[in-house]
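Hi,

Here is the structure I promised to pass on to you. Have a look at it first, and then read my notes below.

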Amino acid sequence: SNDVSVIDLTTNAVIATIPLGASPRGIIILPNADKAYVATVPNTIRVLNLATNTVTSIINILPPAAPADFGVNATGTRVYVTLANGTIRTIDTATD
């Protein structure tokens, strides 16, 4: 499906569904759990506000550099995205 399900870990129940409008490929959640970054097909990253369960922005990645995987620094201020063309993109989480 083209969405992300939010699951309550104590009950394993789906408590929210966030529509993305594109197929998700990977996800990373910041250490403070306020945002998530979702790689979507074909070449975008959706930024999710986890307090409101909404997409707050879309970051476009120029082809053929589709987002492949994520990492985040310990303080949650930077997200690192590996791209299919072998490069890495850095996202400042304060400004996305």
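From the N terminus on, the elements of the protein chain run β-β-β-β-β-β-β-β-β. That makes nine strands and zero helices; here helices (H or I, at least four residues) and strands (E, at least two) are DSSP runs, numbered from the N terminus. Please keep in mind that this is a predicted model, in which local features need pLDDT of at least 70 and side-chain atom pairs count only at pLDDT 80 or more, while totals for chains, interfaces and linings use all residues. Residues are numbered from 1 along each chain as its sequence is written, and side-chain values use heavy atoms, with hydrogens and water left out.

Let's start with the overall dimensions. The C-alpha trace spans about 40 × 30 × 20 Å along its principal axes. For 96 residues, a compact globule would have a radius of gyration near 12 Å, and the 13 Å of this chain agrees with that. (The radius is taken over C-alpha atoms, and the globule rule is 2.2 Å times the number of residues to the power 0.38.)

Now for the strands. Strands β1 (residues 3–8) and β2 (residues 13–19) pair in the antiparallel sense over six bridges; two strands count as paired if DSSP finds at least two bridges between them.

Another four strands form an open, antiparallel sheet in the order β3-β4-β5-β6. Its edge strands, each pairing on one side only, are β3 (24–29) and β6 (54–60). Inside the sheet, β4 and β5 run antiparallel and are joined by six bridges, and T40 has T44 in β5 as its bridge partner.

What about the interior? Buried residues make up 33% of the 96 residues, where buried means under 20% relative accessible area, exposed over 50%, and partly exposed in between (1.4 Å probe, protein chains only). The largest nonpolar core has 14 residues, and those with the most contacts inside it are Y37, I45, F70, V79, V81 and I91. Such a core is a set of buried Ala, Val, Leu, Ile, Met, Phe, Trp, Tyr and Cys residues joined through side-chain atoms within 4.5 Å. Strands β4, β5 (44–49) and β8 each give two or more residues to this core, and the largest share, three residues, comes from β8. V79 touches several residues beyond four places away in sequence, including L30, Y37, F70 and I91; a contact means heavy atoms within 4.5 Å. A second, separate core of six residues includes V4, I18, A36 and V38.

Finally, how many salt bridges does the structure hold? There are two, each being a side-chain nitrogen of Lys or Arg within 4 Å of a carboxyl oxygen of Asp or Glu. In one, K35 pairs with D96, and the closest N and O atoms are 2.9 Å apart. This pair links distant parts of the chain, 61 residues apart: K35 lies in strand β4 (residues 35–40) and D96 in the segment after β9 (88–92). K35 counts as buried at 16% relative accessibility, whereas D96 is partly exposed at 26%. The other salt bridge joins D92 and R78 (3.4 Å, N to O). D92 lies in strand β9 and R78 in strand β8 (residues 78–83), so this pair ties together parts that are 14 residues apart in sequence.

Best wishes
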